[in-house]
Each structure stands twice: as C-alpha cells, then as structure tokens.
Amino acid sequence: MTLTELKYIVAVARERHFGRAAEACFVSQPTLSVAIRKLEDELEVVLFERGGAEVGVTPIGLRVVAQAQKILEESANLREIARQGQDPLVGPLRVGVIYTIGPYLLPWLVPEQIRRTPQMPLLLQENYTARLLELLRQGEIDCAIVALPIPDNGLAQCELYDEPFFVALPHEHPWVSRPRIPAGQLKEETMLLLGTGHCFRDQVLEVCPELSRFSATSEGIQRTFEGSSLETIRHMVAAGIGITVLPASALGVQGAESSLLRFVPFEPPVPDRRVVLVWRRSYPRLAAIEALVQAIRGCGMPGIELLEGEPASAAAEA
C-alpha cells in the first residue's frame with residue numbers, strides 16, 4: 001500500500017470516473033486502474049462498482065476512502081512539520097480561492113504579500129468552493145479563501161471581510177437614474193447568472209428567489225442566461241443583453257467596457273457576502289496563515305468592510 005495508491009482511490013471516489021481521475025492525477029488510465037486493482041487485491045475487498053457510466057463506491061470502499069483522505073492529510077502535515085522546523089514563513093503557501101473572489105482580491109493581495117513576506121510565495125489555485133474544501137481535506141492545498149456559508153466540516157476559519165452586492169446595468173438602462181433598487185424587481189429583467197456550481201450564483205438566487213423559478217421553466221430560458229465567469233457576464237451586460245448582480249470588489253475592474261456599465265446599490269436590507277479563510281485545524285504553519293490574514297487585511301481593497309477578528313492560532317483552537 002502506497003500514498004500514491006491512496007491518492008488514486010480518493011480521486012476515483014471524487015470523480016466517479018476512472019478516466020477523469022487519471023487526468024486529475026496526471027497519469028494514464030491503465031496506470032491508475034492497475035494500481036487500484038493491486039490495492040483491492042492487497043486489502044481483499046472491492047472498493048468500486050465498475051461497469052456503468054458512473055463508477056460507484058462500495059460501502060466498504062466509502063470507509064476505506066475516508067481513511068485514505070485522513071492518511072493523505074496527515075502525510076501533508078508531516079512535510080509541513082519538517083518545514084516548520086526551519087521557519088514557518090519560509091517556503092510556498094498553497095492557497096485556494098473561489099472563482100468569484102480571485103480576479104478581484106489577488107491583484108491587491110499578491111503585491112501586499114510580496115511586500116510583507118517575500119520569502120513565502122503564494123501558490124494559487126482557483127476552483128469551486130466544494131472542490132477547494134476537498135483539496136484542503138486531502139492536503140493538496142494549505143488554506144482556501146471562500147465565501148460563507150460552507151459545510152460544517154471541522155475546519156478552522158478566520159473572517160476577513162464583508163462586501164455588499166450591486167446591480168450592474170447597461171449605461172442606457174432606465175434604472176440607472178435610481179438611487180437604489182429593490183431586490184424583488186430583478187425578476188422583471190433578463191438576468192445574467194453564473195452557471196451551476198458557483199456559490200455566488202446561489203447567493204444571487206437568495207437575493208431574488210423568483211429567479212430560481214424562472215430558470216427552471218421554459219419561460220426562464222428567455223428570462224435568465226448563464227455565464228462562465230463574472231467578467232464574461234460584465235461584458236454581456238455592457239452589450240445590453242441583460243443585467244446582473246456583482247460583489248463590490250468587482251466594480252473597480254477597469255476595461256474598455258467600463259463606460260458602458262452603471263452600478264446601482266440595493267435598497268436595504270442590502271445583500272452581501274462574508275469572505276473567510278479556512279484551513280485544517282491540524283495545519284502546523286499557523287504563522288504563515290496569520291501572515292496571509294494580515295496581508296489580506298492590509299490590501300486596502302475598495303468597497304469592502306474589513307473584519308478585525310481573532311488571530312489564526314485562536315481560531316484553530318476554537
């Protein structure tokens with residue numbers, strides 16, 4: 001039994017497909033399949049139900065995969081402990097960030113972090129919240145910047161900032177002269193939304209629940225359109241295709257289409273999101289986590305409300 005084999009079975013359990021799991025592990029499918037069959041022979045159990053379009057995990061396989069995830073996490077912690085013996089602020093910090101935060105926070109964070117701790121480069125990875133939390137549990141990343149809510153999974157958490165939402169309109173839209181817009185009126189317009197899997201999509205649907213009904217009906221095909229990123233949606237709004245909702249941090253992005261956009265606040269209660277940093281409670285480089293928290297709080301990003309919370313060490317012990 002090897003850590004590589006454990007990594008393979010975790011990947012198959014996540015992807016429910018041998019081919020996609022092999023791609024995620026950067027190996028050929030035969031290499032992955034042979035390794036997993038070898039592990040099953042060694043354990044004398046069947047971990048996966050093969051033959052269908054989607055690979056199933058057997059009951060005993062679920063238990064083995066859960067234990068494999070713990071072993072991979074502890075293995076990652078072992079390497080970090082050895083690294084911490086030198087200096088917790090020396091060496092890369094692997095940071096995950098969701099798609100709707102990365103483009104707006106990172107241009108501020110990276111230069112601030114370089115100014116504060118140039119000896120600790122950030123290895124950055126963008127993904128969906130669910131995928132980042134999974135990578136975090138597996139020890140593939142050290143921490144993740146996400147928006148609440150997240151599942152109660154025992155991770156340590158430090159609150160970073162709140163940011164309000166705004167309605168983004170084409171510059172000739174009749175609403176641009178309004179001082180504020182009631183959330184309930186969004187259903188009257190063609191709304192541009194992120195695709196399924198983005199937590200920001202779910203947050204926008206909470207602002208205007210009627211959009212969920214539209215997007216699930218034939219009428220909704222005419223009332224809502226989906227984009228792959230907030231920046232793509234910005235361009236579609238500028239082109240006059242519809243309107244959307246953006247977080248405050250996205251308003252300052254300058255582009256050729258900026259003169260074609262207008263941003264109007266919501267009527268109270270103003271919807272917003274809370275951004276947090278999460279990490280494994282067992283992660284040993286707390287000084288690195290604290291340095292990242294302080295760098296984020298020192299960014300000076302416009303439009304957000306910084307939260308002065310407790311230090312990372314206290315959050316980890318809570």
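**Strand S6.** I began with strand S6 (156-170) and found this strand mostly covered, since 12 of its 15 residues are buried, where buried stands for under 20% relative accessible area, exposed for over 50% and partly exposed for what lies in between, with a 1.4 Å probe and protein chains only. The model is a predicted one, in which local features need pLDDT of at least 70 and side-chain atom pairs count only at pLDDT 80 or more, while totals for chains, interfaces and linings use all residues. I note also that residues are numbered from 1 along each chain as its sequence is written, and that side-chain values use heavy atoms, with hydrogens and water left out. For the element names I rely on DSSP runs, numbered from the N terminus, with helices (H or I) of at least four residues and strands (E) of at least two.

**Partners of S6.** I then looked up the pairing of S6, taking two strands as paired if DSSP finds at least two bridges between them. S6 pairs with S11 in the antiparallel sense over eight bridges, and Cys-158 stands opposite Leu-277 there. With strand S12 (residues 305-306) the antiparallel pairing has two bridges, Tyr-161 having Leu-306 as its bridge partner. Strand S9 (residues 244-247) is joined to S6 by four bridges, again antiparallel, with Phe-165 opposite Pro-247, and strand S10 (residues 261-265) runs antiparallel to S6 over five bridges, where Val-167 has Val-264 as its partner.

**Cores.** Next I asked which residues touch the most other members of the largest nonpolar core. They are Leu-109 and Ile-145, in a core of 43 residues, a core being a set of buried Ala, Val, Leu, Ile, Met, Phe, Trp, Tyr and Cys residues joined through side-chain atoms within 4.5 Å. The elements that give two or more residues to this core include helix H5 (102-116), S5, S6 and strand S11 (272-279), and helix H11 gives the most, with seven residues. Apart from this core lies another, of 32 residues, among them Phe-165, Trp-175, Val-237 and Leu-261. For Ile-145, leaving out residues up to four places away in sequence, I listed the residues it touches, including Val-95, Leu-109, Leu-160, Val-275 and Ile-296.

**Aromatic pairs.** A search of the whole structure gave three aromatic pairs, a pair being rings of Phe, Tyr and Trp (its six-membered ring) with centres within 6.5 Å, and planes under 30 degrees apart counting as stacked, over 60 as edge-to-face and the rest as tilted. The rings of Tyr-99 and Tyr-128 have centres 5.1 Å apart and planes at 80°, so I recorded this pair as edge-to-face. Tyr-99 is in the loop between S3 and H5, and Tyr-128 in the loop between strand S4 (122-127) and H6, 29 residues apart. Phe-165 and Phe-200 also form an edge-to-face pair, 5.1 Å centre to centre with 75° between the planes. Because Phe-165 lies in strand S6 and Phe-200 in helix H7 (residues 199-207), the pair ties together parts that are 35 residues apart in sequence. Phe-165 is buried at a relative accessible area of 1%, and Phe-200 is buried with 1%.

**Asn-153.** Last, I turned to Asn-153, in the loop between strand S5 (143-147) and strand S6, which is partly exposed with a relative accessible area of 24%. Leaving aside neighbours within four places in sequence, Asn-153 is in contact (heavy atoms within 4.5 Å) with Leu-133 and Arg-137.
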